[in-house]
Structure formats: structure tokens, C-alpha cells
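I opened this entry to record what I looked up, element by element. My notes follow the display.

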Amino acid sequence: MSHYSIHTIATVVQAQVVQEGMMDTPIEHLCIDSRRIIDAPHSVFFALHTSKRNGHDYIHACYEKGIRCFIVEEAIDTSVLKEATVLQVSNSLHALQQLAAYHRHRFSIPVIGITGSNGKTIVKEWLYQLLSDRFAIARSPKSYNSQVGVPLSVWQLQPHHTLGIFEAGISQQDEMEALAFIIQPTIGVFTHLGDAHREGFENKEQKLQEKWKLFQKASVLIYSPDVCGGVNIPSTSIQQLQWGKDETNELQIVSVKKETQHTDIVLKWKQQTHHLQLPFTDEASVQNALTCTAVCLYLEIPVEVLQQKLLQLKPVSLRLELKKGRHQCTLINDSYSADLDSFEIALNFLQQQQQHSRRSIILSDLAVGTEQEAATYNALVRLIASHHVQRVVGVGTVLHHYFKEQLPATVSYHAFGSTEELIHQLPLLQLQDEAILIKGARSFELEQLMPLLEQQVHQTVLEINLSAIAHNIQSIRRRLQPGVKLMAMVKAFSYGSGSYEIANLLQYHGVDYLAVAFADEGVELRRAGIRLPIMVMNPESVTFDLLTAYNLEPELYSLEMTAAFANYLQQEGFTYYPVHIKIDTGMHRLGFMPAEWTQLLQWLQGKDLFAVQTVFSHLAAAEDANEDDFTKAQARLFDEACTLIAQATGQSFLKHICNTSGIMRHPQLQYDMVRMGIGMFGVTGFEPTELQEALCLKTTVAQLKQLQPGETVGYNRRGIIEQPSVIATVRIGYADGYPRNLGNGKGFMLVKGVPAPVIGTVCMDMTMLDVTHIAGVKEGDEVMVFGPQLSIEEVAKRSGTIAYEIMSGISQRVKRVYFEE
Ligand SMILES: *Cc1c(COP(=O)(O)O)cnc(C)c1O
């Protein structure tokens with residue numbers, strides 16, 4: 001491992017030494033998150049200020065876990081960090097970046113820097129697959145491409161490496177220079193220029209200009225003018241390797257011919273014509289593979305060798321999937337990548353799972369070379385120990401060699417020689433009520449375990465993209481003024497998307513409050529280990545016991561229920577129980593009407609039963625510009641109520657009124673907190689937004705039929721065939737939540753990305769689609785009901801309803817699959 005003394009680090013980042021500890025300690029690891037510490041004594045913690053949290057708040061937690069070197073940008077109390085070195089800088093993020101750049105500077109190997117709107121991670125992973133037998137490669141883990149991710153990626157460069165491959169992603173102006181300074185690419189790769197607005201730019205020119213900054217010092221730039229969307233390439237004196245259809249390109253793509261399973265390419269390189277076959281047919285994969293081809297040809301990989309490797313390219317799965325297992329287990333299937341970095345990411349995901357007290361790993365030997373073996377397995381053992389894993393199921397002999405001696409005694413360890421052996425003995429392990437991470441090298445085919453471990457259900461799934469939800473939380477947070485807190489509305493099974501699965505993520509991302517509709521929803525969250533404060537909006541008197549037993553905070557909305565709850569508290573001997581006061585300012589659903597305020601104040605005045613946590617109201621038409629005067633009047637009434645309550649109680653409390661549309665449209669009404677609901681899932685009804693659609697409902701084709709004119713489809717013969725047709729029956733119906741009124745051509749689904757209208761009426765468990773115009777449809781093919789390419793809004797509009805109803809109406813028999821990208 002490379003390491004630097006604290007002395008050196010202090011010099012590199014130009015820090016002022018506030019407190020001196022052991023300045024000679026070798027530092028090997030950079031840490032930015034107190035939950036992710038690999039080897040504390042040899043780590044330096046950078047206290048970063050992000051939109052999410054202030055790293056300075058976690059210094060003490062890191063000290064407790066053994067870190068002894070800190071880089072800070074705020075004055076901190078060093079008296080509780082007796083043995084630590086504290087280095088003060090003006091900006092901790094810059095310090096992290098400077099240190100990474102310094103590290104990078106010590107290597108004079110080729111480094112590929114990749115940027116573009118799409119495909120960065122795929123191109124990086126494929127280049128790795130294509131080049132890893134010729135080079136010892138350091139690369140960004142998953143898609144670590146941000147201001148923080150890039151320094152952490154580049155830090156992985158070690159003396160034995162002969163090639164670096166790093167990706168750079170930016171979301172606004174002026175971010176690329178820092179990344180260019182850290183990566184210092186010698187080979188620049190540009191993948192694709194996409195839509196400017198989604199990424200926070202005014203127009204495509206501006207975006208391209210910014211991305212181009214990555215390449216300022218590169219010695220060659222590899223890209224296709226065809227994918228720059230008609231935007232002029234900034235002029236540059238750097239050598240360029242252009243590829244594309246036009247014959248002026250150095251690598252000319254003469255023809256692209258798509259067959260059913262593969263794509264045939266004819267290309268011209270150095271005056272010679274070559275044929276290449278790619279093992280996929282979709283546009284994006286073909287383009288990414290051609291980008292990789294250009295890079296490999298530049299690196300002088302012979303075309304014949306490249307052809308063989310291209311045929312072996314594996315789809316890149318950047319997902320960590322959370323699935324329901326048998327015997328109340330939760331499964332995380334990450335059986336497709338097996339390096340140390342992805343292992344750490346998967347372990348963090350495992351650690352987020354609070355719903356089980358036990359966490360386990362099924363792990364095979366990793367694909368590492370012999371020189372790296374000992375270091376890799378030692379690091380694995382440390383990671384397992386620091387992530388509170390209780391059980392390790394090891395498959396393979398190499399891993400066993402290290403694990404049998406080194407795993408801490410607190411970990412129960414079972415060893416198997418092969419995947420087959422494990423499959424035979426699986427029942428003996430008695431896996432039950434635990435979160436299980438499955439991870440290993442491809443050659444072990446641990447994915448064979450999945451059907452044995454998974455709960456078998458119906459083939460219609462609702463996929464929930466946890467990374468998109470995390471992105472949306474961040475984006476919403478960026479719209480808030482400093483200090484405004486965030487309450488997440490997780491009622492109705494989080495709008496149909498899940499309970500603890502979503503709440504775990506929200507807790508992890510530092511949301512301040514949760515709200516549910518009913519007490520039992522709150523109880524379920526508590527049982528799954530959620531510790532955030534939880535507001536219950538509709539508490540009934542029969543649930544008061546549950547509220548107090550599970551530390552749930554009721555909304556007081558009427559005089560009757562306030563009296564009942566006060567009575568209950570008195571009887572049970574509770575004082576200062578946390579409550580929330582709901583004011584009716586015009587929604588006229590729940591809440592105290594102005595005429596009731598005097599009596600409400602009497603309940604609050606001078607009594608010690610309630611601790612008022614928040615006072616809130618709900619906007620009736622936050623999304624509607626025609627009703628903005630009404631919205632303002634609601635806010636005025638709300639202000640009045642808050643003033644009265646503050647005077648009466650003398651307590652301080654948080655005020656809040658905005659839901660998602662309020663956050664989007666009324667920034668002046670943020671008060672102390674906002675309540676985000678549907679926006680978490682990227683659905684707002686406003687276009688365009690920076691939010692990402694997080695839900696995708698998918699089903700499969702159960703059967704195909706060739707029908708002739710005169711025949712009919714479905715109940716009451718409503719679907720009339722007018723020309724020779726191909727009809728696909730898919731496994732979703734109104735019992736799953738697909739609205740029955742979408743029958744007879746009103747609704748459509750996507751088959752191979754192409755709209756296929758519903759024909760005939762929607763049945764309880766099945767729906768028929770007309771796929772006559774779509775080539776190559778097979779039984780078992782995936783069908784998208786809604787998702788990133790077909791918005792929930794669109795489906796809702798066609799059904800004459802709103803996205804909320806479609807989302808919360810997806811029935812519980814539809815399997816939920818969670819994944820992180
Ligand atoms: C559901 C709910 C919200 C969230 O509304 P969205 O439009 O989904 O953001 C906010 N406040 C209250 C009181 C709610 O019931």
C-alpha cells in the first residue's frame with residue numbers, strides 16, 4: 001500500500017497544525033464517513049461540509065472508533081481528542097482533492113479519463129474487462145465520479161498498477177477543473193452529450209465546454225463527433241482520435257447491421273477494413289462498445305484479440321438488489337462483481353438494513369492476482385469485522401486459508417469447498433430472519449443460490465431505485481434555505497413503494513422526521529429498527545397504547561381527540577409527551593378551525609401533558625398558480641395560529657406547511673421544515689425537473705397469439721381484430737393495480753421500448769397487448785408498465801386519475817425489488 005506520514009499530508013494540503021499527535025503515523029486510507037472506516041489507526045478523516053451533513057459533527061464518533069488524524073475547516077474542541085492530530089485548512093474538500101492530486105502526480109502511467117452524459121461507468125467497466133489481462137488497472141469503484149468520489153478513486157493507484165481508468169461526472173458549471181486536476185488524464189474519452197437541463201446547464205454548448213475541461217492536458221482525445229448532438233467541438237490543439245460514420249474519421253464505422261442477437265459492424269482503421277461482431281443490439285450498448293473499440297485500437301490491441309474480448313463482454317450490473325428471501329430473510333444479490341471496492345459498497349448497503357438483528361455474507365474466493373492476495377483478504381477481514389457481520393459463509397479454498405485464522409471470534413464461520421457443496425448443505429445453515437449479502441467471483445456462479453434463497457412469487461415486479469430516491473432527496477434539499485428540516489411522508493407503505501426499505505434509506509440520508517398515516521405503520525417501522533422521530537397523522541384512541549409503547553408522536557387535530565389523548569396521558573402518568581398540532585387553514589380535512597383556537601389554547605396553556613414538537617397546516621392547492629392568493633391566505637392564517645400557540649405554550653416548536661408542490665412553487669413558505677412526499681419518487685407533475693423517476697413497474701409476456709381478422713380478444717369480445725395480428729398476454733391485471741379503464745386502446749405498455757396498446761378489456765390478473773408492429777417479441781419478454789421511459793403521470797392521465805392513486809394502488813402481491821445503482 002502507498003502511504004504518507006501525517007507530516008507530508010499537512011504540507012501537501014497546506015494545513016495549519018492545530019494539535020499535534022503522532023506525526024509519523026503512516027496514513028493509508030482516506031475517510032469521509034464515520035460509518036465507513038476500514039483501518040482506523042491508518043486513516044485520515046476529512047470533515048466535509050455537504051448539503052447532507054456537516055462532517056465536523058462526526059469527528060468524535062471517528063475518534064471513538066480509533067481515528068487519530070483529522071482535517072477540519074471549522075474550529076473544533078480538541079480537548080476530547082487528546083491523542084489526535086488536528087489539521088486546519090480553509091476548505092476540507094479542496095484538501096482532499098489536493099492530496100489525491102499529489103498522489104496521482106507520483107505515477108507516470110497512462111490514465112484514461114472518461115466523461116459524458118451517459119455511459120461513463122459502462123465504458124469504464126468494459127475497458128476494464130477488455131484490458132485487464134494486458135494491464136494492472138486501478139479504476140473508479142462503481143460510479144464514483146463526483147467531487148468526492150474522484151479523489152477516493154484516484155487514491156487507489158498503487159505502484160504495481162500500469163493503467164488507471166477513472167470517470168468524471170459533473171452536475172454544474174465550474175466543477176470539472178478540480179476533477180481534471182485530480183485525474184490528470186493522459187487519454188481523454190468522451191462518451192455522449194445528453195440533454196442539458198437534466199444536468200443543470202443552460203444549454204448544450206455550455207455543458208460541452210465544461211466537460212471538455214477534463215481533457216486540457218491529455219495527449220489524445222477519443223470521441224465521436226456523431227454523439228455531440230450537433231454542437232461544435234471546442235477547438236483544441238490536442239491530438240484527436242475521432243470515430244464515426246463519416247469517412248473523415250480516423251476510425252470509420254462503415255456499417256452497423258443489427259441482427260436478432262448481435263450487431264455486425266464493418267469498420268475502417270489504418271486503411272484496412274475489418275468486421276466486428278458485438279453481442280448486443282441496443283443502441284446504447286453498441287455506442288459504448290464502439291467507444292471502447294476506439295480506445296483499444298489506440299492502445300494497439302490487435303483487432304482479432306479485441307474481437308474475442310468484445311464477444312465476452314458482460315453486461316455491467318451496477319445494481320445492488322434487495323429481495324425478500326425465504327424464512328424472513330432479506331437478500332442482497334451482488335454476485336456479479338468481486339473486487340474490494342464493490343465489496344465495501346455492498347457491506348455498507350448491508351449495514352443499512354436495520355430490519356434484522358443479524359447480518360450475514362455468503363462470499364466466494366475473489367478474482368485477485370497472487371501478489372495482491374494477502375493484502376486483499378486482510379482488508380476483507382477488517383471490513384467484515386468493522387461492519388458488524390455475524391455470520392460468514394465462505395466458498396473456496398483461497399479465502400478459507402485466510403479466514404480460518406483471521407476472522408474475529410464473534411463471527412460464526414462456515415466453510416465450503418465449492419458452490420455445489422454449499423447448495424447441498426444449504427438447509428443445514430438454517431438461514432432465518434437475517435440480512436444476507438451474496439457476493440463472489442463470476443466463476444463461482446453464486447447466482448445459482450438465488451432461486452433457493454428467494455421467496456417465489458408472481459412475475460410482476462415493482463422496481464424501486466434507491467439511488468434515484470437518494471438523488472431526489474438531495475435535489476429537494478438543495479431547494480431549501482439553510483437550516484430548513486426535512487420530513488418524509490411514508491404513509492400508505494411509502495406511496496406503495498415499501499416501508500422499512502424506504503425508511504432505512506431516509507434515515508441513512510439524514511432526513512429529520514418521518515410521518516405515517518396510522519399507528520400500525522409507525523409500529524412496523526419501529527420494529528424494523530427505525531429510530532427517527534415519527535409523526536402519526538391519524539391516531540385513533542384505540543391506538544394510544546401503541547403510540548406510547550413505540551414512541552410515536554400523534555397529530556392533534558380536534559378538540560375531542562386532544563381531550564381523549566390528554567385523558568389517556570394523565571391516567572398513564574405521562575408528561576410532556578411529544579405531539580404535533582394541525583391547523584386547518586383551508587384544506588378542510590383534519591385540523592383546528594379558527595373558531596376552535598381559543599379552546600385549543602386552553603388545552604396547551606400551563607399544562608405539562610404535551611410537548612409541542614411542531615405546528616403545521618396543509619396547502620389545498622400548492623400546485624395551482626390560479627390559487628396562489630388562496631395559498632397566501634392560508635399562510636397568513638397559519639402565521640396567526642403559530643403566534644397564538646407560541647404565546648400560550650411558551651414552548652418552541654417547528655412550523656411547516658409545504659408538501660412537494662409547495663417546495664417546488666413556494667420557496668418563501670418553507671418555515672422550519674417541509675414535508676416531502678411524491679417528490680421523493682421523482683414524480684411532481686412539473687416539467688422539467690432535476691428529479692429522477694424512481695419506480696418502474698414491470699411484467700412479462702405469458703403467451704403470444706397470432707389472430708386473424710374477425711376474431712376477438714378478451715371478455716365481451718371487446719378487442720376486435722381487423723388485420724392479421726400478434727397479441728401478447730401479459731401478467732398484470734386490475735387486481736395488481738393496473739386500472740381497468742385503461743382497456744380497449746386507452747392505455748399502453750412498452751415492449752422492447754415500443755408502445756403496445758392494450759387490446760380488449762383489462763382482466764383481473766392479465767392484460768392483452770397488440771404487439772403486431774414490434775419485431776421479435778417472445779414469450780417471457782419483459783414489459784414495462786411504467787418507469788423512466790413511460791411516466792406514471794402519463795399512465796395516470798390516461799386513466800383519468802393522478803399519479804398518487806396509481807402508485808399507492810399497486811397491490812401487495814406485486815413483488816417489490818429494491819436496488820442501488
Ligand atoms: C401526504 C402528505 C404530504 C406529502 O404530499 P406530496 O404532495 O406527496 O409531497 C404532506 N403533508 C401531508 C399532511 C400529507 O398528508
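Which polar side-chain atom lies 2.8 Å from a nitrogen atom of the ligand? I found that it belongs to Arg675. I count a polar contact as a pair of N or O atoms within 3.5 Å; within protein, one must be able to donate a hydrogen and the other to accept it, and residues adjacent in sequence count only if both atoms are side-chain atoms.

Before going on, I note that this is a predicted model: local features need pLDDT of at least 70, side-chain atom pairs count only at pLDDT 80 or more, and totals for chains, interfaces and linings use all residues. Residues are numbered from 1 along each chain as its sequence is written, and side-chain values use heavy atoms, with hydrogens and water left out.

A side-chain N or O atom of Lys491 is 2.6 Å from an oxygen atom of the ligand. Gly677 uses its backbone: an N or O atom there lies 3.0 Å from a ligand oxygen. On its own the ligand has 390 Å² of accessible area, and the protein covers 95% of that (Shrake-Rupley method, 1.4 Å probe; for residues, only the protein chains shown count as cover). I then listed the surrounding residues, among them Met489, Tyr495, His618, Asn659 and Tyr804. Near here means that one heavy atom of the residue lies within 4 Å of the molecule or strand.

**Domains**

I checked the domain assignment, whose bounds come from an automatic or database source. It gives domain 1 (4-95), domain 2 (107-311), domain 3 (322-454), domain 4 (472-681) and domain 5 (695-819). The C-alpha centres of domain 2 and domain 3 are 33 Å apart.

**Strand β11**

Next I took β11, residues 187-190. Helices (H or I, at least four residues) and strands (E, at least two) are DSSP runs, numbered from the N terminus. Ile187 and Val189 point one way, Gly188 and Phe190 the other, and all are buried. Buried means under 20% relative accessible area, exposed over 50%, partly exposed in between (1.4 Å probe, protein chains only).

Which strands pair with β11? Strand β8 (residues 111-115) does, in the parallel sense over 4 bridges. Strand β12 (residues 220-223) also runs parallel to β11, with 3 bridges. Two strands pair if DSSP finds at least two bridges between them. Val189 has Ile222 as its bridge partner in β12. Phe190 stands opposite Thr115.

**Thr115**

I followed Thr115 within β8. Its relative accessible area is 0%, so I call Thr115 buried. A polar side-chain atom of Thr115 lies 2.7 Å from the backbone oxygen of Ala168. Beyond four places in sequence, Thr115 touches residues including Lys120, Met176, Lys211 and Phe215; contact means heavy atoms within 4.5 Å.

**Gln353**

Gln353 sits in the loop between α10 (340-352) and β19 (358-364). Is Gln353 buried or exposed? I call Gln353 buried because its relative accessibility is 2%. A polar atom of its side chain is 3.1 Å from the backbone oxygen of Phe349. Among the contacts of Gln353 beyond four places in sequence are Leu322, Arg359 and Asn504.

**Positive phi**

I noted two residues here. Gln184 is not a glycine, yet has a positive phi of about 45 degrees. Gln184 lies in the loop between α6 (176-183) and β11. At 23% relative accessibility, Gln184 is partly exposed. Arg717 has a positive phi near 55 degrees. Its loop runs between β33 (712-713) and β34 (719-720). Arg717 counts as exposed, because its relative accessibility is 54%.
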